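Open the model in your viewer and keep the sequence panel beside it. The stops below go from the whole chain to a few residues.

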Amino acid sequence: MLKTLAIGATLAGALAATGTPATAAPRPTPNDEMVIGVVAANGSGCPWGSAQVTPSPDNKAFTVTYSEFTAQVGVGARPSDFRKNCQLALDVHVPQGYTYAISGTDYRGFAHIERGASGSETANYYFQGERQSTRIQHNFDGPYDGNWQRTDTVGITSLAYLPCGEQRYLNVNTELRVNGGWSNVKKTTSMLTMDSTDGRLDTLYHVAWKKC
């Protein structure tokens, strides 16, 4: 069962109207505000109160911040820790007369993958009631030790806009996996995280706007 979270953010600013070919004339920009709230979260990677969402000042993007999203195998890891996932239901309110699509995503984190081990980050996002989008996976092969960033980009012709006038939750699914492979899991630990040493690291979602 999804848990309701009392988390929300409101920022005012001009929205950039994108989602048109480069040769098209710029669309008008609304002067209203974009409001995003996390209404539900489910998964081992985002336990109660550990995920927050904030729009960017220009409302062209929003950031999901995790504090407990780590998959690991080896010393100190539980058998179930090899896979962590998080499904967020985001309530996105947009200015009247506009709709939006997710045009790209930047994922950031830290990885320590031993030689012989591997990891993966997989994500998709879709509107409530719609079929899930294609899952995009990024792989990590050991040895690897350091910060990482991966970017998913959606072409203009592939953008899936929320139907004008409808209000649906945006579902964001992310998953981290680590496979010990032929590494010595009795003496080493391999880990993949959307987290940092201070407990916070960001995932940035880029928004494309379109006038209805």
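Predicted model: local features only at pLDDT ≥ 70, side-chain atom pairs only at ≥ 80, totals over all residues.

Residues are numbered from 1 along each chain as its sequence is written, and side-chain values use heavy atoms, with hydrogens and water left out.

Next, switch to a cartoon view. The protein has 0 helices and 13 strands; helices (H or I, at least four residues) and strands (E, at least two) are DSSP runs, numbered from the N terminus.

Now select glycine 142 and proline 143. The peptide bond from glycine 142 to proline 143 is cis, with omega near 5°. Most peptide bonds are trans. Proline 143 sits in the loop between strand 9 (136-141) and strand 10 (144-153).

Last, go to the second largest pocket, with a volume of about 170 Å³. A pocket is an open set of points on a 1 Å grid over the protein atoms alone, where a 1.4 Å probe fits, with protein on both sides within 12 Å along at least five of seven lines; lining residues have an atom within 4 Å of a point. The volume is the space filled by probe spheres set on the points, which are joined across faces, edges and corners. Select Val94, Tyr98, Gly165, Glu166 and Gln167, the closest to the pocket's centre of the 15 lining residues. Then colour strand 7, which gives the largest share of the lining, 3 residues.
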